[in-house]
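Here is a short report for a first look at this structure. Keep the sequence and the 3D view open while reading.

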Amino acid sequence: MALTLLEAVNRGLVSIGEPEIAAFTASGSTVTNRLQIQLIDEVNEAVRIVREHVHYAEWSLLHDAFPTVAATTDGTVAVTNASTTVTSKDADGANADNFDSPVTAGDWFRVTADKTTYRIDTVTTAASPDTLVLEDAYLGSTSTSTAYRIFRDTYALAHSDLDEIIVASYGDNAYGYTGNRLQVKDFSWIMEAAGGDLHRDTSGKPRYITRFGVDSSNNPQVLLWPFPDTAYLVNIWHTALYTDLSATADVVFNTDAPAIADDVIVNRLRWRAALIDKDDVRAKTFGGNDGMGGAVAVSLGRVAARESRLYRDDDQMGLETYRPRMRRRYGLRTESQIAFDRLPR
């Protein structure tokens, strides 16, 4: 069973004689108990240490997925200079109902012949014809029937504790690394690549992804560029930084994480708890002088050995030297690579 954030903190509390808790002492989503805060911070630090040793281990990452939405281009629209209202039309210019789902507030609207994009404030489909209200007044020429595009380039993730995107792709496989790989870039890099206009490239094939603010529910968002104009399933493997702590069931690692990875977290928490309790002897037992020795080092070495098993020589390490005389006269002693891999990196 996967180690949860609450269970990890309880392991640290119990190690210094504190009672277990059923929930964090919090105001809203903010923990207010100082001891709990310190142990939660130590969970984050311990997770970071483990991931530095096994950066691409699938179990060390959290998975999220979301579908993109196809661009809406049905029919035409009527637009008026200096007005925020956009009216749906059919191909012949008559009133139409082309703004049904998935068109929603926050999507982008752009007349095909224009170079300006407008964010949509509201969508009205209860009456005919469908209409949009833009956040800013339309600056282009008035038209009773013109081609357009409505699309979405930002998507919210389900996991509220997103820290760093490690791998992102889209394709048919929801849980593998197949499909089209998205390069993770920062927003300034994407803006530079886009020439300052995120929406001028209508190829519909996203190539880059970046973290991009939060939605109205405070869930992290990502931006895709170029914006997708077709429905894809985007998969993201990411790390977490536990800051929104109203939920106690957040798992430290994925559900298939090995028990020895959880041991690193628990031993590190016991080390921190012993320091808080001013018990130097127990602190050295669990983590040495800096939290990287004792039981922490042993369990961390076991994690590294487990993850490198596919890449090591089962016999021993190879060793070469430019001093053949040394080999002939004295010999060289080498440890097995299995033993070597158990050492913390």
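Which residue in β16 is the bridge partner of D64? The bridge partner of D64 in β16 is I236.

## Model and confidence

This is a predicted model: local features need pLDDT of at least 70, side-chain atom pairs count only at pLDDT 80 or more, and totals for chains, interfaces and linings use all residues. Residues are numbered from 1 along each chain as its sequence is written, and side-chain values use heavy atoms, with hydrogens and water left out.

The average pLDDT (the predictor's confidence in each residue, from 0 to 100) is 84 for the protein. A score of at least 70 is reached by 83% of the residues. Residues 173–178 stay under 50, and the model gives them 16 contacts beyond four places in sequence; a contact means heavy atoms within 4.5 Å. Residues 323–345 are also below 50, with 33 contacts beyond near neighbours in sequence. Where pLDDT is low, the predicted coordinates should not be read in detail.

## The seven-stranded sheet

Strands here are DSSP runs of E, at least two residues long; helices are runs of H or I, at least four long; both are numbered from the N terminus. Two strands pair if DSSP finds at least two bridges between them. An open sheet of 7 strands runs in the order β3-β16-β12-β13-β14-β15-β11, with mixed pairing. β3 (62–67) and β11 are the edge strands, each with a single partner strand, so one side of each has no neighbour in the sheet. From one strand to the next, the twist averages 35 degrees.

β3 and β16 are antiparallel over 6 bridges. β16 (residues 233–240) also pairs with β12 in the antiparallel sense, over 7 bridges. There, T239 is the partner of E164. β12 pairs with β13 (residues 180–184) too, antiparallel over 3 bridges. A168 has L182 as its bridge partner in β13.

β12 (residues 162–170) is largely enclosed by the rest of the structure, because 7 of its 9 residues are buried. Buried means under 20% relative accessible area, exposed over 50%, and partly exposed in between (1.4 Å probe, protein chains only). T154 lies in β11 (residues 154–156). T154 counts as buried, at 13% relative accessibility. Leaving out residues up to four places away in sequence, T154 touches F212, Q221, V222 and L223.

## Strand β4 and its partners

β4 (residues 76–79) is covered on both faces. T76 and A78 are buried on one side, V77 and V79 on the other. β4 runs antiparallel to β5 (residues 85–89), joined by 4 bridges. A78 has T87 as its partner in β5. The hairpin of β4 and β5 has 5 residues between the strands, and A82 takes a positive phi near 75 degrees. β4 is also joined to β9 (residues 143–146), antiparallel, by 2 bridges. In β9, S143 is the partner of V79.

## Nonpolar cores

A nonpolar core is a set of buried Ala, Val, Leu, Ile, Met, Phe, Trp, Tyr and Cys residues joined through side-chain atoms within 4.5 Å. The largest has 33 residues; F24, V43, V50, W59, V252, F253 and I265 touch the most other members. Two or more residues come from each of α1 (5–15), α2 (34–53), α4 (259–276) and α6 (294–307). α2 gives the most, with 9 residues. Another core, of 15 residues, lies apart from it, with L162, A168, L182 and I236 among its members.

Terms used. Axes fitted to C-alpha atoms, helices over the stretch in contact; angles between N-to-C directions.
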